[in-house]
Amino acid sequence: MKLTLTEEKFEFDFPDARALYKFDERDALSPTFHGVPMQAVDVMAEFSNFQLWIEIKEFQPCEIEAMKKEGDQQKKGKNVHNKAHLTKNLKHKFRDTFLYRFCENKLDKKIVYVCLTNFDDALNGFYRKELQKQLPTGFASKRWSKQLLDKSLLMVVNKESWQRNLEEKFGKCYKI
């Protein structure tokens with residue numbers, strides 16, 4: 001069965017998915033509406049042996065240039081850099097979605113977390129490294145018997161790198 005979803009100017013086509021839906025649903029009448037004031041990823045695709053969580057972030061060219069000029073430093077206090085703010089947002093989207101799925105008793109498969117951006121590969125690489133620092137990947141603690149997220153299953157990509165690296169694994173992602 002072919003499953004297609006349009007979300008935030010992207011169309012996803014996942015022929016092998018068992019379910020595909022908008023996860024951060026705002027419509028109270030939708031069966032996927034949570035009704036809890038938490039953050040969530042934009043798209044959820046459920047496959048036989050994993051869950052694909054997709055968060056979409058697009059910025060104006062001037063905003064992207066400002067992020068590139070910020071460098072790697074982070075300001076303290078009220079004047080937090082855009083880079084630090086976005087990293088924190090992406091981290092919380094993952095954590096809150098994890099809590100949703102935990103409370104739904106639906107964490108029985110590995111998680112693939114993809115942040116889909118309109119950034120170049122260098123800026124995407126920066127965010128991937130930052131997220132790996134802030135989201136515990138692998139067995140982050142000696143006391144853990146489970147991984148929150150496998151380091152290799154955290155990806156930050158643009159449409160082009162999706163097509164190069166992920167299309168064969170998951171399905172198609174089109175900018176509309």
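Predicted model: local features only at pLDDT ≥ 70, side-chain atom pairs only at ≥ 80, totals over all residues.
First, the ground rules. Residues are numbered from 1 along each chain as its sequence is written, and side-chain values use heavy atoms, with hydrogens and water left out.

Now the overall fold. The protein has four helices and eight strands; helices here are DSSP runs of H or I with at least four residues, strands are runs of E with at least two, and both are numbered from the N terminus. Read from the N terminus, the order is β-β-β-β-β-α-α-β-α-β-α-β. The radius of gyration is 16 Å, close to the 16 Å that the globule rule gives for 176 residues, so the protein is as compact as a globular protein of that length. That radius is taken over C-alpha atoms, and the rule is 2.2 Å times the number of residues to the power 0.38. The C-alpha trace spans about 45 × 45 × 35 Å along its principal axes.

Of the 176 residues, 45% count as buried. Buried means under 20% relative accessible area, exposed means over 50%, and partly exposed lies in between, with a 1.4 Å probe and protein chains only. Take the contacts, meaning heavy atoms within 4.5 Å, between residues at least 6 apart in sequence: 65% of them join residues at least 24 apart.

Next, helix 1, residues 61-70. Which of its residues are buried? They are Ile64, Met67 and Glu70. These three cover an arc of only 115 degrees around the axis, which puts them on the same side of helix 1. The arc is that of the directions from the helix axis to the C-beta atoms. As a reminder, an α-helix has 3.6 residues a turn, so residues three or four places apart point the same way. The buried residues of helix 1 pack against helix 2 (82-103) and helix 3 (121-134). On the face turned away from that buried side sit the exposed residues Pro61, Cys62 and Lys69.

Last, Met155, which lies in strand 7, residues 154-158. Why does Met155 count as buried? Because its relative accessibility is 13%. Beyond its neighbours within four places in sequence, Met155 is in contact with Val112, Tyr113, Val114, Cys115, Arg128 and Leu166. Met155 and Ile56 are 99 residues apart in sequence, and their C-alpha atoms are 12 Å apart in space.
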